[in-house]
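The following exercises are to be worked through with the sequence and the model at hand. Each task is followed by a stepwise solution.

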Amino acid sequence: MAESGLQRVVGVDWSGDKGPGQRRKIWAGVWTASTGRVTLESGRTREELMAWLVEMSRETPRMVVGFDFTFSYPAWFLRELGIGSAPEFWKLVAGGRGEEWLHRDCEDVRFWGRVGPMRHGKKPAEFSGEHAHRMLRRAETVLKVRAEMTDPLQIARIAGIAPKSVFQIGGAGAVGTASLRGMPGLLVLRAAGFRIWPYDEPSVQSAPLVVEIYTRLMTGAVTKSSEAARTAYLAKKRRESALYAGLSRLVMAKARASEDAFDALVTAMVMVEHRGSLRG
């Protein structure tokens with residue numbers, strides 16, 4: 001690859017687990033340009049993963065990392081808190097507010113999905129019906145609120161895909177917990193010189209870049225919880241793509257055996273396939 005190209009791409013399947021389970025659930029798919037190899041990594045806590053990424057960025061500064069958690073909350077919520085930017089919000093979350101929202105004793109019932117003394121766990125009325133968009137960022141609205149979509153190809157592409165609200169902190173598909181426990185890591189990476197898109201001007205020629213990713217848009221319609229379905233998906237990709245055909249047996253075995261590893265691998269592969277647009 002030319003000297004000006006990306007040196008490394010990392011796709012991370014994240015977890016909001018507070019305990020030892022994060023070492024099992026957090027996976028990273030890593031593509032390195034100098035060797036053309038792809039690896040699948042696990043066994044790290046959130047803090048250890050961030051330190052590992054910083055260390056790798058010193059070796060390969062022209063690097064892009066994708067995380068599958070939400071980088072901010074809806075603009076109205078930040079305004080309510082008196083905050084004018086996502087990085088300010090990360091500081092608030094890292095300072096303890098995030099764990100307050102996640103605690104069972106939290107009084108703010110807008111954080112739903114868990115039962116506590118002050119909340120029943122169900123979606124609040126203000127996030128229901130025609131106002132479902134209120135709990136989403138603009139980035140999710142076009143995917144969630146079908147009435148706002150006019151392009152039939154776009155509608156077909158997202159069939160069966162519905163992003164969750166970052167206010168949901170419990171239940172199937174909840175992204176709130178992972179996001180609130182991911183934002184402090186963005187501060188760590190930013191302090192180490194990473195640019196966090198779209199809040200920092202990207203320049204992968206001079207600094208590593210972090211982007212938010214939608215894993216389900218990467219994989220498409222596949223039953224990821226089924227090992228048989230993962231195996232069939234990977235076998236098909238291996239027949240169709242030279243990139244997949246070059247994967248080692250170990251990497252393929254890890255992706256077949258674990259839904260989290262599967263997500264990390266597919267995410268990394270899609271990012272590699274589109275590395276030209278990432279570089280731009």
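**Exercise 1.** Does V65 count as buried or exposed, and at what relative accessibility?

*Solution.* The model is a predicted one, in which local features need pLDDT of at least 70 and side-chain atom pairs count only at pLDDT 80 or more, while totals for chains, interfaces and linings use all residues. Residues are numbered from 1 along each chain as its sequence is written, and side-chain values use heavy atoms, with hydrogens and water left out.

Step 1. Recall the classes: buried means under 20% relative accessible area, exposed over 50%, and partly exposed in between (1.4 Å probe, protein chains only).

Step 2. V65 has 0% relative accessibility and therefore counts as buried.

Step 3. Locate the residue: V65 belongs to strand 4, residues 63–67. Strands are DSSP runs of E with at least two residues, helices are runs of H or I with at least four, and both are numbered from the N terminus.

Step 4. List the neighbours, taking contact as heavy atoms within 4.5 Å. Leaving aside residues up to four places away in sequence, V65 touches V10, V12, L53, F194, L209, V210, V211 and M271. V210 lies 145 residues from V65 along the chain, yet their C-alpha atoms are separated by 4.8 Å.

**Exercise 2.** Describe how helix 2 meets helix 8.

*Solution.* Step 1. Axes are lines fitted to C-alpha atoms, for helices over the stretch in contact, and angles run from 0 to 180 degrees between N-to-C directions. The axes of helix 2 (residues 46–59) and helix 8 (residues 183–191) come within 10 Å and cross at roughly 25°.

Step 2. Helix 2 is therefore roughly parallel to helix 8. The cut-offs are under 35 degrees for roughly parallel, over 145 for roughly antiparallel, 65 to 115 for roughly perpendicular, and oblique for the rest.

Step 3. Helix 2 contributes M50, L53 and V54 to the contact, and helix 8 contributes G185, V188 and L189.

Step 4. Sorted by class, the contact of helix 2 with helix 8 has 5 nonpolar, 1 polar and no charged residues. Here Ala, Val, Leu, Ile, Met, Phe, Trp, Tyr, Cys and Pro count as nonpolar, Asp, Glu, Lys and Arg as charged, and the others, Gly among them, as polar.

**Exercise 3.** Which residues join helix 10 to helix 12, and which join helix 10 to helix 13?

*Solution.* Step 1. The axes of helix 10 (residues 227–240) and helix 12 (residues 249–257) come within 8 Å and cross at roughly 145°. E227, R230, T231, L234 and R238 of helix 10 meet M252, A255, R256 and A257 of helix 12. This contact of helix 10 with helix 12 has 4 nonpolar, 1 polar and 4 charged residues.

Step 2. The axes of helix 10 and helix 13 come within 11 Å and cross at roughly 25°, so helix 10 is roughly parallel to helix 13. R230, Y233 and L234 of helix 10 make the contact with E259, F262, L265 and V266 of helix 13. The residues of the contact of helix 10 with helix 13 comprise 5 nonpolar, no polar and 2 charged.

**Exercise 4.** What does D263 touch?

*Solution.* Step 1. D263 is placed in helix 13, residues 259–273. Its relative accessibility is 6%, so D263 counts as buried.

Step 2. Residues up to four places away in sequence again being excluded, D263 touches D13, T215, T219 and K224.
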